[in-house]
Amino acid sequence: MPVAKVTEIISSSSTSFDDAINQGIARATKTLKGVTGAWVQDQKVTISDGSISEYRVALKVTFILEG
């Protein structure tokens, strides 16, 4: 039976939440082997001069531990 682990990552984008998620997953899969899923734990924006300057997401990434 495989054993999974969950790790939290935070990623950001100046474009959108979707882009922040895609960048976070792309980076996670470069470092972690066996990534099977992720969920968005939190979303946040930073505002500069009355406009959104950055979209941030906190992701919980699930991956299978190698035996």
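Is alanine 20 buried or exposed? In this predicted model, alanine 20 counts as buried because its relative accessibility is 0%, where the cut-off for burial is under 20%. The residue sits in helix 1, which spans residues 17-31. Beyond its neighbours within four places in sequence, alanine 20 touches Ser11, Ser12, Ser13, Tyr55 and Val57. Glutamine 43 lies 23 residues away from alanine 20 along the chain. The C-alpha atoms of the two are separated by 9.8 Å.

Aspartate 49 is exposed, with a relative accessible area of 81%. Its phi is positive, at about 55°, although the residue is not a glycine. Most residues other than glycine have a negative phi.

The overall fold comprises one helix and three strands. Their order along the sequence is β-α-β-β. Among contacts with a separation of 6 or more, 63% join residues 24 or more positions apart.

The radius of gyration of the protein chain is 14 Å. A compact globule of 67 residues would have a value near 11 Å. Along the principal axes, the C-alpha atoms fill a box of roughly 50 × 20 × 15 Å. Buried residues make up 21% of the 67 residues. The accessible surface comes to about 4700 Å², and carbon and sulfur atoms contribute 50% of that surface. The chain carries 7 positive and 7 negative side chains. The centres of these two sets lie 10 Å apart.

Definitions and conventions: Residues numbered from 1 in each chain as written. Predicted model: local features only at pLDDT ≥ 70, side-chain atom pairs only at ≥ 80, totals over all residues. Heavy atoms only, no water. Helix = DSSP H or I, 4+ residues; strand = E, 2+ residues; numbered from the N terminus. Buried < 20%, exposed > 50% of the residue type's maximum accessible area, 1.4 Å probe, protein only. Contact = heavy atoms within 4.5 Å. Rg over C-alpha atoms; globule rule 2.2 N^0.38 Å. Areas by Shrake-Rupley, 256 points an atom, 1.4 Å probe, with all protein chains shown as cover. Lys, Arg positive; Asp, Glu negative; His and termini not counted. Charge placed at Lys NZ, Arg CZ, Asp CG, Glu CD.
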